[in-house]
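Hi,

Here is the structure I promised to pass on to you.

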Amino acid sequence: MTADHDIIIVGAGSAGSAIASRASEDPNRDVLLLEAGPDYADPASTPFDLINSHNNSYRDHDWGLSHSPTEGRTMPLPRGKVTGGSSAVNTTIALRGIPEDFNEWNDHGNSEWAWEKVLPAFKRLERDLDFPDVDYHGDAGPISIRRYPESELVEQQQAFLEAARSLGYPYCDDANAPDSTGAGPHPMNKLGRMRVSCAMGYLAPARARPNLTIESNSFVRRLIVEGDRCTGVEVERDNGLIELVRARSVVLSAGAIMSPAILKRSGVGPRRELEKFGIDVIRDTSGVGGNLCDHPALAISCVAKDPSIIDADQPLMQTILRYTAAGSDKRNDLQIELLSFGANRQGHASFAIAAVLEYTFGRGDLRLASADPHIAPVIENRFCEDDRDAHRLASCFRDTLAFAKAPPLASMIEQVAFPRLDRGIDDETIVKLCKERSGSGYHPCGTARMGPKEDPDSVVNEFGQLHGLANVLVADASIMPSVPRANTNLTSIMIGEKIGEWLRASPTIYGF
Ligand SMILES: Cc1cc2nc3c(=O)[nH]c(=O)nc-3n(C[C@H](O)[C@H](O)[C@H](O)COP(=O)(O)OP(=O)(O)OC[C@H]3O[C@@H](n4cnc5c(N)ncnc54)[C@H](O)[C@@H]3O)c2cc1C
């Protein structure tokens with residue numbers, strides 16, 4: 001059997017774009033990047049929703065998934081379907097996890113992912129425009145990062161920082177400094193208003209290489225497995241044609257929902273679940289689709305006194321507060337962020353202040369609903385079922401209410417529309433709200449987590465190689481053992497940087 005390519009990468013998202021770019025730096029390596037969504041080769045041909053970093057793109061380049069954040073509720077779960085993946089549709093918050101996150105990954109048997117081993121990749125991926133000379137920042141990477149100066153903050157974002165100061169939180173000028181905490185401008189991957197997605201940062205400069213082929217509108221249905229190895233993928237083109245494409249190695253970078261779903265459809269997953277759908281079991285791997293992590297969040301909705309400050313054409317987010325819950329030994333386990341505008345049930349001009357739990361103990365899972373690749377999996381987060389999560393998110397929500405009462409913001413608020421403060425809001429009520437109403441930070445990860453093969457629930461080793469089946473890697477947010485205490489885009493790109501660099505510079509790890 002001959003391979004058509006050296007490497008097939010499935011999914012041109014945050015991690016997949018970085019891998020395609022790094023792996024194809026070796027001109028002798030033939031790389032095929034397959035993406036289910038469309039591809040736009042340059043900014044001039046890219047639609048406005050992907051260029052516009054002021055808001056997320058939810059409709060035109062989305063998978064249309066839904067999930068159940070807490071029992072009995074169904075909500076949309078946006079995921080980018082386009083080259084650049086979710087980096088092409090997201091809020092452009094470019095926040096690194098903190099050293100303790102990666103040292104915890106190391107403690108679970110992944111020594112290549114300790115802080116001092118991931119920092120070079122975080123530096124390599126960025127061009128920090130504000131702190132280019134600091135030793136923990138990079139100044140020449142593909143992803144440009146900037147922070148809004150005070151003069152560019154919308155009024156409610158300015159008031160948020162003033163409220164933080166009045167409540168005694170320290171100021172933080174660089175939330176990506178390893179020991180940082182406190183309130184300040186968000187680091188964001190944008191140039192002016194333009195979102196610097198991984199399609200722009202990584203693929204645009206690489207796409208001229210003759211050894212890199214990007215095929216868009218190409219949906220990977222499953223892996224081809226022969227004996228004890230993967231030999232390629234089954235691809236459905238947008239004209240409905242189904243083809244088999246062969247490679248020496250397949251890298252799944254389809255994201256934390258689709259990568260485990262592809263594995264399961266290919267026969268790698270929990271036996272009982274696969275047999276239920278008549279899928280031949282190739283590897284009975286219990287961890288595939290388990291360990292679903294995310295950041296649960298609960299926001300208060302504030303009707304603006306002056307409706308003219310609410311403008312959906314302005315940046316949705318600009319600032320952040322990171323801090324540690326009282327009595328917690330998990331540094332920066334909480335975040336509070338202001339959303340400059342938001343829909344309110346009564347249609348009032350509103351903004352929101354969100355409490356976000358950054359370090360979670362609880363886990364959810366995703367399960368197949370069918371063997372049909374076009375039927376989305378069932379995604380259940382079970383947010384705040386673990387009382388340690390419910391109580392810390394509740395304390396964060398209480399701190400968030402203090403922001404709404406602090407004079408810089410209180411003077412801008414006509415009425416708090418949610419929660420109903422006139423009914424009284426005690427600790428028990430807030431915990432109940434967290435258990436019933438918390439929603440996703442849109443940071444699913446952990447569903448094919450890495451770990452040593454002796455760990456029965458790990459799916460890949462620390463180089464991304466699937467346990468028990470040769471020539472397949474998983475390299476995206478799925479392999480995170482736990483969600484970092486930060487929005488997940490930069491960590492996903494860092495994963496792509498590391499695995500892409502190994503493919504380029506240490507190919508013997510992967511049998512090349
Ligand atoms: C609306 C929104 C806002 C967000 N805001 C932020 C933020 O501001 N900051 C932050 O840090 N994080 C944010 N995130 C999260 C962050 O973008 C993700 O964690 C990150 O992009 C995940 O990277 P990934 O490579 O794992 O997956 P993705 O970037 O999602 O890439 C997966 C790619 O695989 C493709 N694919 C999937 N299945 C198949 C298949 N079967 N065949 C072929 N291709 C396939 C997809 O179309 C996609 O291009 C946000 C996410 C969303 C959706």
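Predicted model: local features only at pLDDT ≥ 70, side-chain atom pairs only at ≥ 80, totals over all residues.

Residues are numbered from 1 along each chain as its sequence is written, and side-chain values use heavy atoms, with hydrogens and water left out.

The protein chain splits into domain 1 (1-147 + 187-231 + 242-294 + 365-382 + 442-512) and domain 2 (150-185 + 296-359 + 384-437); such bounds come from an automatic or database domain assignment. Their C-alpha centres are 30 Å apart. In terms of contact (heavy atoms within 4.5 Å), 31 residues of domain 1 touch 32 residues of domain 2.

Together the two domains bury about 2,600 Å², with 47% of it on carbon and sulfur atoms. Buried area here is the accessible area (1.4 Å probe) that two parts lose on being put together, summed over both. His54, Arg382 and Arg485 supply 23% of what domain 1 buries against domain 2, more than any other three residues.

There are also 4 salt bridges across this interface, where a salt bridge is a side-chain nitrogen of Lys or Arg within 4 Å of a carboxyl oxygen of Asp or Glu. Elsewhere in my notes, Arg331 is listed as forming a salt bridge with Glu100, their closest N and O atoms being 2.7 Å apart.

Now for Arg147. It sits in the loop between β6 (143-145) and α5 (155-166); helices (H or I, at least four residues) and strands (E, at least two) are DSSP runs, numbered from the N terminus. Is Arg147 buried or exposed? Arg147 is buried, at 7% relative accessible area, because buried means under 20%, exposed over 50% and partly exposed in between (1.4 Å probe, protein chains only). Its side chain makes a polar contact with the side chain of Asp174, at 2.9 Å. A polar contact is a pair of N or O atoms within 3.5 Å; within protein, one must be able to donate a hydrogen and the other to accept it, and residues adjacent in sequence count only if both atoms are side-chain atoms.

Last stop, helix α6 (residues 198-206): 7 of its 9 residues are buried, including Cys198, Met200 and Tyr202. At its start, a side-chain oxygen of Ser197 comes within 3.2 Å of the backbone nitrogen of Ala199.

Cheers
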